[in-house]
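Here is a short briefing to read alongside the structure.

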Amino acid sequence: MRRWFFAITGVVLWYVLGTAWASVSKVSILVQLEDPSQNVLTMEYTLQGIDSDTLTIAIPTWTPGWYQTMPYSEGIRDLQAENERGEPLTVQSVNHYSWQVDTGGAQTVRLRYHVLARDEGMGFFGVAMGPHYAYINGAAAFVYEMDSKKAPHEVRFRLPVGWQVATAMDFAAQSEQRPFGDVRDTFVAPNYDELIDNPIQMGRFEVREFRARNVPMRVVFASETGNILCNMERVTTDFQRIASAGIDLFGSAPFKRYLFIIHLSGRGFGGGLEHLNSTVLNVPDRRDLNINGLAAHEYFHAWNVKRIRPRVLGPFDYTQPVRTRALWWCEGVTDYYATVLLVRSGLIGDRAFWQEMEREILTLENNPARERIALEEASWNVWEGNGMGYGGLSYYNKGKVVGFLLDVTIRGLTGNRKSLDDVMRFLMERYAYPKPGFEEDGILQAINRVVAQDLSALYRRMVASTEPLPYDEVLKYIGFRLERQSTTTTYFGVTSTIDAAGRVIVQAVDSQSPAFLMGLRAGDIVEEIDEQPADVRIEDVVSRKKLGDPIKITVWRSGRVVVMEGKIGGERRYSIRLVATDTADESVLRVREGLLRGTTRVSAQAR
Ligand SMILES: [Zn+2]
């Protein structure tokens with residue numbers, strides 16, 4: 001990827017104890033949409049092979065890829081159940097996200113409920129609907145039986161005339177000529193996790209298709225207005241290059257097909273969300289639309305986070321937040337590889353690659369949160385953060401810088417024989433879904449194994465501490481050093497004037513400014529500044545001071561003297577430049593070239 005909140009009430013445990021493993025052997029779902037102006041989907045479930053007296057039906061409280069609690073249950077309405085003879089069964093609410101159905105011994109149960117289309121724009125985290133489109137992010141729409149997530153699920157559609165369906169799910173009548181199913185098909189997922197990690201676009205939309213290293217791929221352009229400005233052929237050919245570069249990096253694709261869903265809309269959540277074999281990208285339409293960086297990020301997730309992942313990120317527990325210290329790897333390192341894919345596919349030049357790294361370092365160094373929050377902490381606490389990190393530290397930003405530094409380090413230490421690409425490939429081989437994910441120290445172990453050295457100290461410094469990153473020690477391997485200049489700006493937050501009698505009067509004070517916090521208020525008559533009689537405006541005194549300098553102001557207010565002391569505020573900002581120091585050394589050129597081209601050959605290709 002790349003906002004909602006509500007508290008979880010007590011989790012009820014008795015149903016876990018009271019039921020067998022898989023209570024249901026097969027789940028069939030019919031998705032019905034009669035009239036998009038109603039803003040509602042009707043879902044009909046048939047649960048077969050039931051061997052339990054009670055079923056616990058639930059809707060997720062979050063969606064994979066976005067680590068924030070979501071009020072999906074608020075969109076679920078009118079849940080009803082009946083047995084195979086059409087007799088109604090008792091449905092009771094257990095808590096805010098689950099319901100219990102008494103089966104009365106039935107082996108087949110039908111469920112029916114409505115899902116409100118509540119997501120903004122064309123949909124991103126939830127279900128959205130408009131005159132010619134509808135979108136399903138699975139976690140918002142599909143309920144599951146608590147003990148039957150591993151059961152196969154199949155889904156069919158009944159939609160308005162002329163509407164289509166686009167999803168990357170397998171379908172029953174698959175063939176080489178028809179890699180993607182359509183509205184006539186029955187789609188199949190081996191389990192609930194995969195069902196909901198295949199978003200579904202419905203309605204009228206434009207489709208472009210291509211193959212990347214012989215893997216069929218599809219780009220769906222769905223526009224909120226119905227008109228499309230962007231150059232669809234250009235977007236598609238760019239995506240083909242990105243897709244090929246990703247497969248080249250790993251040696252093969254972990255999916256049978258891949259689907260890019262583009263929502264051309266200025267509303268809703270702007271950005272992309274990764275899914276198992278697809279992604280949704282929500283962006284405002286424009287003639288010169290270029291979303292290559294965003295698309296490369298989400299596409300790379302098909303390997304990193306969808307297959308290579310911490311243990312808690314699949315199979316998923318949808319009932320509560322799941323925590324890992326590794327989200328910096330899932331998101332930040334993915335973002336590093338997005339830039340890597342762009343340069344390796346030739347969509348950006350070498351210079352743009354270095355500039356991108358420079359920009360990320362600049363952002364990080366100018367963020368004071370880096371001195372308080374470690375990367376692992378930002379990952380662990382993201383549920384209490386904003387979905388991008390915690391306490392002001394973005395694991396996208398610092399994770400990307402650390403990914404870059406790790407790649408340079410590994411190449412530098414091994415004479416460009418090994419790289420972060422090798423770590424990725426190792427992780428893919430060892431942990432790729434459906435194998436269990438890695439433990440919390442899995443990334444460090446993989447790096448140490450690839451490099452055949454113990455990099456624990458460096459790793460911990462970068463990901464588990466708030467110590468400054470070791471730029472110069474690392475960047476020497478590519479013949480760069482970081483040139484850093486600091487500039488400071490001062491800020492006090494007061495406007496004053498001199499009246500006809502020669503008195504200095506405070507006219508306005510910015511809320512929460514240093515002047516406000518020390519106690520200055522509009523209307524104050526200034527008697528002294530720094531123990532000198534006031535004869536110039538406060539701003540004129542402040543302008544001669546530096547960040548952090550003390551200031552003492554005595555004022556006359558409501559008939560009494562008030563003495564206040566404070567400090568000049570402002571901020572220190574760094575300007576950062578990656579400066580080439582050594583361009584002659586063969587080994588330096590080799591590592592630089594290795595980063596940009598993906599080579600780990602020992603013979604220099606560099607010029
Ligand atoms: Zn992401």
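This is a predicted model: local features need pLDDT of at least 70, side-chain atom pairs count only at pLDDT 80 or more; totals for chains, interfaces and linings use all residues.

V305 sits in the loop between α5 and α6, and its phi is positive, about 115 degrees, although V305 is not a glycine. As background, most residues other than glycine have a negative phi, and most peptide bonds are trans.

**Backbone points to look at**

- D78 also has a positive phi without being a glycine, with a value near 55 degrees.
- D78 belongs to strand β4, which covers residues 76-83.
- Is D78 buried or exposed? D78 is exposed, because 10 other C-beta atoms lie within 10 Å and a residue with 12 or fewer falls in that class.
- The loop between α5 and α6 (327-344) also holds P315, and the peptide bond joining G314 and P315 is cis, with omega about -5 degrees.
- Another cis peptide bond links Y433 and P434, where omega is about 10 degrees.
- P434 is located in the loop between α10 (420-431) and α11 (442-451).

**Overall layout**

- The protein has 607 residues, of which 44% count as buried.
- Its secondary structure comprises 16 helices and 31 strands.
- Along the principal axes, the C-alpha atoms fill a box of roughly 95 × 75 × 50 Å.
- The domain assignment places domain 1 at 14-300, domain 2 at 327-480 + 583-597, and domain 3 at 493-567.
- Between the C-alpha centres of domain 1 and domain 3 the distance is 60 Å.

**The sheet β6-β7-β3-β11**

- Four strands make up this open sheet, in the order β6-β7-β3-β11, with antiparallel pairing.
- Which strands are at the edges? They are β6 (91-95) and β11 (144-145), each of which pairs on one side only.
- A hairpin of two residues connects β6 to β7, and the two strands pair in the antiparallel sense over four bridges.
- N95 has S98 in β7 as its bridge partner.
- S98 in β7 also stands opposite A58.
- β3 and β7 (residues 98-102) run antiparallel and are joined by five bridges.

- S52 lies in the loop between β2 (40-48) and β3 (54-58).
- S52 is buried, because 20 other C-beta atoms lie within 10 Å and 20 or more is the condition for that class.
- S52 and V24 are 28 residues apart in sequence, while their C-alpha atoms are 8.2 Å apart in space.

**The sheet β9-β10-β16-β13**

- This is an open sheet of four strands in the order β9-β10-β16-β13, and the pairing is antiparallel.
- From one strand to the next, the twist averages 10 degrees.
- Three bridges link β13 to β16 (residues 200-203) in the antiparallel sense.
- A166 is placed opposite Q201 in β16.
- For viewing any such sheet, recall that in a regular strand the side chains alternate between the two faces of the sheet.

**Helix packing: α4 and α5**

- Two packed helices are described by the angle between their axes and the distance between the axes.
- α4 (residues 232-250) and α5 (residues 292-300) pack at an angle of about 35 degrees, and their axes are 10 Å apart.
- The crossing of α4 and α5 is right-handed.
- Which residues of α4 take part in the contact with α5? They are D238, F239, I242, A243 and G246, which meet N292, A295, A296, Y299 and F300 in α5.
- Sorted by class, the contact of α4 with α5 includes seven nonpolar, two polar and one charged residues.

Conventions:
Residues are numbered from 1 along each chain as its sequence is written. Domain bounds come from an automatic or database domain assignment. Two strands pair if DSSP finds at least two bridges between them. Axes are lines fitted to C-alpha atoms, for helices over the stretch in contact, and angles run from 0 to 180 degrees between N-to-C directions. A crossing is left-handed if the near helix is turned anticlockwise from the far one by less than a right angle, and right-handed if clockwise. Two residues are in contact if their C-beta atoms, placed from the backbone, lie within 7 Å. Ala, Val, Leu, Ile, Met, Phe, Trp, Tyr, Cys and Pro count as nonpolar, Asp, Glu, Lys and Arg as charged, and the others, Gly among them, as polar.
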